[in-house]
Amino acid sequence: MASATATYGQKESSDQNFDYMFKILIIGNSSVGKTSFLFRYADDSFTPAFVSTVGIDFKVKTIYRNDKRIKLQIWDTAGQERYRTITTAYYRGAMGFILMYDITNEDSFNAVQDWATQIKTYSWDNAQVLLVGNKCDMDDERVVSGDRARQLSDHLGFEFFEASAKDNINVKQTFERLVDIICEKMSDSLDNVDPAVTGVKQGPQLTEQATPPRQDCAC
């Protein structure tokens with residue numbers, strides 16, 4: 001992970017022109033497609049070969065929403081239990097989560113409640129969450145219906161998308177909706193938001209300069 005940290009430093013020094021910086025985590029069981037989802041969004045690429053994420057990695061993407069330039073720092077987390085103590089350390093300061101399951105894998109859906117509990121335990125109270133059922137291109141192998149997922153998302157208070165990294169279905173829409181929800185929440189309670197959490201750079205109502213996120217992991 002040293003290379004990722006070095007890349008982060010280079011990006012920080014070369015690109016300071018943004019209004020907000022949001023830290024977003026993609027979480028869920030192993031093999032649900034988190035890495036593919038991130039690569040489809042950040043690089044518009046897809047590789048069918050499965051390579052398990054070791055620990056945690058991230059990509060940076062800058063977008064424009066509501067006349068603001070928003071820098072997204074998107075973290076791709078390992079789903080295996082043995083990496084859990086590493087990945088949960090990164091929940092702190094996250095503005096949003098994409099909680100992902102695989103529509104062809106019942107176990108990954110059954111684990112959603114546990115992942116939601118982890119978000120509640122390790123992240124700040126106002127973190128926004130979207131539930132995403134990935135691999136909707138594999139409808140013939142579906143074991144989790146959209147109705148079941150909507151019922152769970154309603155119970156948890158999350159918005160819900162079905163998506164496909166392979167066919168590029170609802171990938172961009174998922175991230176943009178999450179960013180919009182975060183922005184809406186900020187506008188509702190901006191006076192109570194810690195600038196160190198939001199990563200605000202040039203917000204007209206906030207004057208403090210944000211410090212770069214602290215790197216806790218030496219992996």
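1. A charge is taken to sit over a ring if NZ of Lys or CZ of Arg is within 6 Å of the ring centre and within 35 degrees of the ring normal. By that criterion the charged end of Lys59 sits over the ring of Phe39, 4.5 Å from its centre, and the charged end of Lys61 sits over the ring of Tyr41, 5.1 Å from its centre.

2. On provenance, this is a predicted model, in which local features need pLDDT of at least 70 and side-chain atom pairs count only at pLDDT 80 or more, whereas totals for chains, interfaces and linings use all residues. Residues are numbered from 1 along each chain as its sequence is written, and side-chain values use heavy atoms, with hydrogens and water left out.

3. The structure holds 8 aromatic pairs, where rings of Phe, Tyr and Trp (its six-membered ring) pair if their centres lie within 6.5 Å, and planes under 30 degrees apart count as stacked, over 60 as edge-to-face and the rest as tilted. One of them is the edge-to-face pair of Tyr91 and Tyr122, with 6.1 Å centre to centre and 85° between the planes. Tyr91 lies in the loop between helix 3 (84–88) and strand 4 (96–102), and Tyr122 in helix 5 (residues 112–122), so the pair ties together parts that are 31 residues apart in sequence; helices (H or I, at least four residues) and strands (E, at least two) are DSSP runs, numbered from the N terminus.

4. Tyr91 is buried at a relative accessible area of 0%, while Tyr122 is partly exposed at 43%; buried means under 20% relative accessible area, exposed over 50%, and partly exposed in between (1.4 Å probe, protein chains only). Tyr101 and Phe109 also form an edge-to-face pair, at 5.0 Å centre to centre and 65° between the planes, and here Tyr101 is buried at 0% and Phe109 is buried at 7%.

5. Ile181 is found in helix 7 (residues 171–188) and is buried, with a relative accessible area of 10%. Leaving aside residues up to four places away in sequence, Ile181 touches Gln128, Leu130 and Glu159, contact meaning heavy atoms within 4.5 Å.
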